[in-house]
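Hi,

Here's the structure I said I'd send over.

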Amino acid sequence: MNLDQITIAPVFPLWLILLLFSLGFASTIVQFRLLRRRLGHSRALGLSFLRLGAISFLITFALNPSLVTKKEHKVLPAIAILLDTSQSMGQPGRPGKASRLEEAKALLTEGANPLLKSLSEGYEVRLYGVGESLRAIEGKELANLKAEGMKGNLSEILKELSGKNTLALLLSDGNLEWNDSQSKNLPIVTVPLGSSGEYKDILIKAVKAPPLAFRGREVMIDVTIKSYGYTGLTLPVLLKEGNKLLTAKNTRINASPSEVTASLSFIPDEVGQKNLSISIPQQFGESLVSNNSVNLSMKVVRDKIRILMVSGNPSMNYRFMRTALKNDPSIDLLSFVILRTPSDILNVPTHEQSLIPFPVETLFFKEIKNFDLLIFDNFKYPLYLSPHHLESIREFVRGGGGFAMIGGPNLVNEGRYAMTPIGEILPVRFAEKENYRRDSKVGVRLSRAGVVHPITRLSLDTVGDTVGDTAGDDTHRLSFWREMPSLDGFNLLEAKSSATVLLESADGIPWPILIVSNYGNGRVLALATDYSWKWYMGMVAKGKGNHAYLRLMDRMVRWLTKDPGLDPVQITLPERTGSAGQEIEIRIKLREEDLSPNLRSMVSFSVLNPDGIKIESGLKPTGQSGEYLGSFLPQKGGIYKLKVETSADHLEESMVVAGLLESLDASPDHEQLKKVSASTGGKFLSRTEDLLKEIEGYARKGEGRFIEEKRSSVWARPFVMVLVLGFLIVEWFFRRRWGMV
Amino acid sequence: MKTSSFKSYNRRKFLSLGLGLAAGFFFSGPKSLLSASFPNFFFAQLKYRGGEWDPNPQFAEAIIEELELRTSIDGMKERRVTTLSDPDLFFCPFLYMAGKYEFDPFTPQERETLTRFLSYGGFLFAEDTMGAKGFGFDQAFRREMKQLFPDHELRRLASDHSVYQSFYIIGSVGGCQRVNPYLEGITIDNWTPVLYSQNDLSGAWARDRFGKWINECVPGGEVQRSGAFKLGINIIVYSLTSDYKKDVIHHPFIKRRQSL
């Protein structure tokens with residue numbers, strides 16, 4: 001026992017202990033003087049010494065002395081073996097090994113001195129799989145380990161392991177995320193897998209494409225191509241929609257590895273969701289083919305709604321429709337008004353006329369596809385159009401275009417439309433005898449279908465002030481239409497069975513006034529009057545402005561052109577769709593004015609995977625009125641179909657989810673491993689070095705020692721009490737012997 | 001002069017009818033039948049207090065005849081007389097106002113109605129048949145327009161205004177008299193709801209029951225009358241088509257013809 005191993009922890013302040021000791025010493029001196037008179041100097045000195053000893057020991061209790069014993073121990077170093085299990089490890093390893101993961105397994109478990117076994121004998125070895133996250137694995141799991149999942153973030157993993165291990169041994173091909181953090185807490189010794197020199201691959205590394213494109217405008221898509229081992233090769237980069245080739249571009253590879261960017265451009269000619277693919281044909285000897293193509297989704301919208309309007313003559317109907325259409329900046333209107341017919345005389349030379357030829361050939365054969373909507377306004381065609389033009393119009397509508405026929409006296413005698421392609425697409429038939437009635441002052445009313453149809457279901461801010469606030473939404477709308485000025489003329493039409501009547505005459509026989517139907521992929525409308533402009537001026541006369549007429553025309557145009565803005569259900573896809581295995585959320589919005597509260601509660605969301613199989617999906621309200629959040633977890637890449645249904649309507653969208661191997665750069669990145677080793681104070685080991693020897697060398701540097709310290713109170717030891725009692729007993733003995741007791 | 005104009009009129013009328021009938025036979029059958037039954041244009045003449053609201057009572061028939069003869073527009077030869085308190089005022093496509101002398105100011109209610117009518121799509125063609133600048137009708141009309149549109153002045157229309165190109169390409173303005181070689185107007189955005197002339201166009205159009213011109217056109221004679229008809233037709237076409245001739249597709253044609 002050494003003195004430096006005794007420590008004190010006073011229970012009282014030191015000054016109090018010194019005071020007590022001084023008092024004890026003083027009382028001993030007093031006792032010595034009293035005893036010296038009776039027993040003599042030497043005996044008194046002996047008894048006083050014994051008393052002082054006992055007092056000293058007792059006062060020393062207050063110092064609380066402890067005995068500290070220390071013992072030094074050696075610690076077995078802990079080594080964390082990090083085995084990269086991300087998807088790139090499934091690529092071919094060194095010759096003879098099916099994959100880099102197999103190469104790693106062989107390194108750990110095969111050979112005369114398997115590395116895992118050898119290390120386990122001298123060290124505490126912990127085995128981890130490094131994928132998207134860190135996972136502890138048992139030795140027996142090693143054989144069944146598979147390469148899958150995204151690459152992990154080594155910097156984050158290092159934080160988990162630091163402090164628990166002496167050394168980390170990383171077996172990887174280098175496809176790991178590493179933020180180059182300079183941390184020496186845990187040295188990482190890296191063992192490279194795979195052979196970068198032998199790796200051959202071409203991959204589409206990145207695609208820069210706008211999520212939204214405008215029909216008729218050029219779209220640029222930048223494709224970054226990375227290649228390993230194909231120097232001097234010229235590659236075709238293909239842009240397809242389904243199996244249809246949109247464009248292609250050749251790109252030359254000048255080095256290995258190298259990155260080149262190819263710009264592909266195309267002009268979308270149809271609106272809607274486009275599911276495109278960019279691909280490069282498989283090359284001989286490529287390690288990975290799945291990264292040669294990328295799917296992308298692009299929404300094509302129209303920059304403007306293009307309308308071709310032909311009016312049979314200048315009229316108020318034309319002017320007010322023109323005002324409404326020109327008032328909307330999203331509409332591009334091209335109109336022709338028949339200012340004179342061949343029967344009208346023109347008594348001035350050419351340079352005094354402002355009339356232009358009616359370019360029917362160009363319009364109805366070449367340019368018709370560039371329009372979204374064709375309007376014939378009180379137009380009698382036979383003087384200008386041939387049956388071939390009408391056939392072209394029918395094909396235009398069948399292919400998805402919109403067609404509106406506005407009535408008027410020029411449609412008398414059927415405007416000769418009966419038995420023509422126009423007669424076929426129109427939602428109406430002409431009544432047999434009388435075709436146009438004038439000066440009868442007929443009012444209009446909403447039909448049952450008109451109450452809920454998007455065209456006539458005007459928003460409450462448009463119609464709301466016509467009746468009291470307590471009335472229901474539909475009552476507002478019915479009253480609004482009843483208040484509209486009567487029409488001075490209308491065509492006597494008969495709706496086809498496939499058509500929907502939205503407005504009808506309110507007096508006498510309910511003649512259809514506004515009729516709609518579908519034809520092929522297009523939509524058709526007939527407005528059986530040339531006096532709809534009275535709905536404009538009638539409301540102005542009442543001091544209610546022109547808003548209702550403008551909204552009606554706007555909704556007619558948008559319904560005819562299938563404008564998504566009129567859909568009662570809106571789906572907003574995320575800007576970045578992510579890839580398989582990541583949850584995807586989409587926003588669903590129901591239009592307030594189109595859905596009653598009952599309909600809002602009947603919303604369903606379903607998702608079909610690329611194989612057409614319905615997968616699990618969720619739907620919950622966001623808290624905002626009419627807004628929902630739909631979610632699903634795609635298990636693989638491809639085109640997913642999303643369907644939102646309400647009792648009134650349904651909407652389908654498709655979206656592309658990237659596959660796991662899409663854009664995968666699986667080339668061994670041994671430079672990355674060198675960086676990791678250098679940053680952490682470890683070492684990058686080449687395969688020619690003796691791995692066990694190198695690892696042991698690093699492990700020894702980190703060999704740990706610790707000192708075990710034990711503390712025991714001196715007063716807890718019996719001999720101390722015996723010693724105190726000894727002083728008192730000896731004193732008592734001599735006092736008795738010398739007659740003091 | 002009058003005999004000459006009468007002969008001229010008859011000759012033109014004869015030729016027009018002849019061509020029209022021939023063209024109608026070959027190209028279009030039912031127009032003449034429809035024109036009477038389903039007119040889509042008529043004059044609504046504004047009757048106001050004070051002054052003389054109807055200086056040319058017989059102006060409508062001839063211009064409507066010419067309108068039907070030369071254009072695809074079907075018109076009604078009988079004008080309709082209206083006031084600013086007429087509930088059907090807003091359904092009149094073309095409001096016509098004429099006069100010689102100063103008239104009584106409009107009431108606030110009349111001003112509000114006319115402002116609303118013109119601001120939301122209505123159209124007014126007004127003319128000072130006296131042609132006295134700063135006096136009589138001219139003074140009163142300008143006063144009222146200033147009250148109606150304090151932020152928009154009655155200005156001379158540019159030579160490329162749609163009203164000069166809506167049917168004919170017009171270089172010189174006709175009329176019974178030649179006070180101004182231009183039209184004036186109040187333009188709001190791209191639409192001119194008020195047109196104003198001091199050249200007495202209606203005086204040049206007016207014809208008696210025997211088909212004789214009522215007024216002589218000075219100093220240009222029948223050429224000036226012909227110009228008045230052309231401008232009248234252009235004004236009517238403008239009122240029904242707005243700035244249609246400003247559409248891009250018309251530009252190259254009109255420019256080419258103007259350069260001829």
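This is a predicted model: local features need pLDDT of at least 70, side-chain atom pairs count only at pLDDT 80 or more; totals for chains, interfaces and linings use all residues.

Residues are numbered from 1 along each chain as its sequence is written, while chains are lettered from A and ligands numbered from 1 in the order in which they are written.

Chain A has 18 helices and 37 strands (DSSP runs numbered from the N terminus: H or I of at least four residues for helices, E of at least two for strands). Of its 741 residues, 37% are buried, meaning 20 or more other C-beta atoms lie within 10 Å of a residue's own, with C-beta atoms placed from the backbone. Among contacts in chain A (those C-beta atoms within 7 Å) with a separation of 6 or more, 71% join residues 24 or more positions apart.

Where the chains meet, 42 residues of chain A contact 43 of chain B. On the chain A side, α6 (316–327), β17 (331–337) and α13 (533–541) each give two or more residues.

I also looked at helix α16 (residues 670–680) of chain A, where A:L673, A:V676, A:S679 and A:T680 are buried. They sit on the same side of α16(A) because they cover an arc of only 130° around the axis, taken from the directions from the helix axis to the C-beta atoms. Their cover includes α5 (154–161) and β6 (167–172) of chain A. Just after α16(A), A:G681 has a positive phi of about 80°.

Cheers

Methods. Two residues are in contact if their C-beta atoms, placed from the backbone, lie within 7 Å. A residue is buried if 20 or more other C-beta atoms lie within 10 Å of its own, exposed if 12 or fewer, and partly exposed in between; C-beta atoms are placed from the backbone.
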